[in-house]
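Let's take a friendly walk through this structure, one region at a time. Have the sequence and the 3D view ready.

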Amino acid sequence: MAALAGAGVEFVLVGVGAINFYARDPAHAFATLDVDVLLAPRVANLRLALRTLAALDFRFESGGEPFLDVGDEAILATIVGRGATLCARHPSSAQLDLMVAITGFTYAELASDAIRFRVSDSEIPVGRLAKLLRSKQLSGRAKDRAFLEAFEARADDDAE
Amino acid sequence: MVDHLARLAERIERRPWNQPGSDKTWVLSALSEHQKWVRATKRARRVRTR
């Protein structure tokens with residue numbers, strides 16, 4: 001994450017991994033195995049993100065298959081155009097889901113008022129909590145509805 | 001429902017630990033530890049107990 005920020009990649013954290021940034025402590029966080037990184041949907045930005053992570057030994061997957069076309073402009077343009085997600089894996093780091101689209105909001109809408117939290121020595125932009133929850137609501141997926149119910153049940157402690 | 005969630009989010013964002021610049025290093029550390037734990041449990045062998 002710090003490397004992405006340091007390299008000048010434009011991104012904002014979203015999803016459950018980002019919602020956990022608003023938790024009081026680890027006991028109030030939700031279990032998840034990945035962090036959703038919403039990238040500014042431009043080929044150059046996606047390429048920079050992939051190169052930065054590849055230099056740190058991350059490996060990429062798309063649809064469960066290895067993704068090796070890190071430098072292929074046409075394929076990167078297709079990913080951006082279709083709003084596809086790439087998974088970045090590393091043996092000793094959290095899994096990153098690299099997204100260029102999210103339900104309900106554009107990148108600009110999420111980035112414009114993102115809150116910057118400190119992680120180690122870096123400042124990381126995290127989407128506003130109301131927008132992250134709204135995106136889950138709009139997705140209509142069963143797992144997101146279940147998450148929102150659990151969030152509401154647990155969040156009352158944090159909100160008091 | 002929408003208003004309720006938005007109000008809840010607003011209240012949570014105002015909590016002292018959510019001010020811009022707050023140190024959230026623990027979030028990624030906890031995620032990484034959780035991931036290690038899941039990997040370890042997947043690798044673990046079942047042991048017959050009786």
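## A strand with two faces

Start with strand β1 of chain A, residues 11–14. Phe11(A) and Leu13(A) point one way from this strand, while Val12(A) and Val14(A) point the other way, and all are buried. In a regular strand, side chains alternate between the two faces of the sheet. Keep in mind as you look that this is a predicted model.

Which strand does β1(A) pair with? Its partner is β2 of chain A, residues 34–39, and four bridges join the two. They run antiparallel. To find the pairing in the 3D view, look for Phe11(A), which stands opposite Leu39(A) in β2(A).

## Two loop residues with positive phi

Next, turn to the backbone angles. Asp57(A) is not a glycine, and yet its phi is positive, about 75 degrees. Where does Asp57(A) sit? Look in the loop of chain A between α3 (43–54) and β3 (59–62). Is Asp57(A) buried or exposed? Asp57(A) has 11 other C-beta atoms within 10 Å, so it counts as exposed; the cut-off for exposed is 12 or fewer.

Ser120(A) is another residue other than glycine with a positive phi, in this case near 55 degrees. You will find Ser120(A) in the loop between β7 (115–119) and β8 (122–126) of chain A. Ser120(A) is exposed because 12 other C-beta atoms lie within 10 Å.

## A glycine in a loop

Now look at Gly63(A), which is found in the loop between β3 and β4 (65–66) of chain A. With 9 other C-beta atoms within 10 Å, Gly63(A) is exposed.

How many residues apart in sequence are Gly63(A) and Thr85(A)? They are 22 residues apart along the chain, and their C-alpha atoms are 8.3 Å apart in space.

## Where the chains touch

Finally, bring both chains into view. The contact takes 28 residues from chain A and 27 residues from chain B. On the side of chain B that touches chain A, the elements giving two or more residues are α1 (2–13) and α2 (25–43) of chain B. Which of these gives the largest share? That is α2(B), with ten residues.

What kinds of residues make up this side of chain B? By class, there are 14 nonpolar, seven polar and six charged residues on the side that touches chain A.

Note on methods: Residues are numbered from 1 along each chain as its sequence is written. Chains are lettered from A and ligands numbered from 1 in the order in which they are written. This is a predicted model: local features need pLDDT of at least 70, side-chain atom pairs count only at pLDDT 80 or more; totals for chains, interfaces and linings use all residues. Two residues are in contact if their C-beta atoms, placed from the backbone, lie within 7 Å. Ala, Val, Leu, Ile, Met, Phe, Trp, Tyr, Cys and Pro count as nonpolar, Asp, Glu, Lys and Arg as charged, and the others, Gly among them, as polar. A residue is buried if 20 or more other C-beta atoms lie within 10 Å of its own, exposed if 12 or fewer, and partly exposed in between; C-beta atoms are placed from the backbone. Two strands pair if DSSP finds at least two bridges between them.
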